[in-house]
Amino acid sequence: MTERSESSAPAEPSAPSDGLVVGVDSGGSGLRIALAEAATGTVLGTFAFREPVRTGPGGISARHFLDQTLPAVRSLTGAHGGRPLLAVAVGAAGMATLGDELRAELPGAYAEALGVRRLALAADAVTAYAGALGQRPGAVVAGGTGMIALGTDLGSWRRADGWGHLLGDCGSGAWIGRAGLEAAMRAYDGRSGGSAALLARAEQLFGPAAGLPGALYPRTDRPAVLASFAPEVGRCAAADPVAADILARAAVHIAEAAEAVCPVGPEAQVALTGGLFKMGEPLLVPLRAALRERLPHARTVDAAGDPLAGAMTLAAALATGTPRLPQDASLLRLFGVGAA
């Protein structure tokens, strides 16, 4: 008789050369699932839901998560009958603070329904890290509407920011957009530090400046609305010194977060991932300079993949017995099989 147990050293894998792994990426815009070969990482099929997993009093709903993932995984693996499913890795937004129900229910449910022997449950920042850098020491900054930096020396994790638009997310899309709209309102008032170019862009997007507070403050999606103005700051930066200064300050904030989490050592790499950095050179030029100044020992590299690729990296590491990223009570938990 066997029972599930949590372990930092998962049981030895069986036939990884023939086995399959599943990666799951769950976020605010929906859920994605991929099936891959454990040994090669070759993706064999994908599935996507536009509906995000619901949250309730217990945090992220395990029942809704299972209702979405189990049929999809069965469908994907059914096309490759006879090949064992060796591991599943789940990366979920909110796992660190809202994942207790998932951690309590998913290991047993997946073992019973899929016969899977190994499971990784990770915060989405961890799968973003694994997708960008794999299992190397370094730091990853994930930037979008919000911003968080995560780093590891492979012994422990360090986190910086990711505290939301009221308390942090410094340098994020919401931060840049808010700073740009503040500069627009300064220009509207005739105060110093204002930008006529940003005022014009703000009124094109949101209507007369005097009505902006009333249009913005009642919104429940204020961070996303603020972030929607960040590209306008980027477009103005080449000709407008106020916009350029906002992006220069954002770059310093982002580099400070990377510096706070990046391990010391010649092996360290730094990668940027997320939609924020699609703004391109207006942000990346000052950011590269800020990273060189604050992290001269670290090499800045392109992100190798996205969070779904990171989930598959974690699953393949479990299946082949090669996990290197450190466990953490809220960021990354590995579950294996032990003999009773």
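Visitor: Which residues of helix 7 are exposed?
Guide: This is a predicted model, in which local features need pLDDT of at least 70, side-chain atom pairs count only at pLDDT 80 or more, and totals for chains, interfaces and linings use all residues. Residues are numbered from 1 along each chain as its sequence is written, and side-chain values use heavy atoms, without hydrogens and water. Exposed means over 50% relative accessible area, buried under 20%, and partly exposed in between (1.4 Å probe, protein chains only). The exposed residues of helix 7 include Ala196 and Gln204.

Visitor: Which residues of helix 7 are buried, and why do they line one face?
Guide: Helices (H or I, at least four residues) and strands (E, at least two) are DSSP runs, numbered from the N terminus. In helix 7, residues 196-206, the buried ones are Leu198, Leu199 and Ala202. They line one face because, seen down the helix axis, they fall within an arc (taken from the directions from the axis to the C-beta atoms) of 105 degrees.

Visitor: What follows helix 7?
Guide: The residue after helix 7 has a positive phi, near 95 degrees. It is Gly207.

Visitor: Which residue is the bridge partner of Ala139 in strand 12?
Guide: Strand 9 (residues 138-143) and strand 12 (residues 269-273) pair in the parallel sense over 5 bridges. Ala139 has as its partner Val270.

Methods. Pairing = 2+ DSSP bridges.
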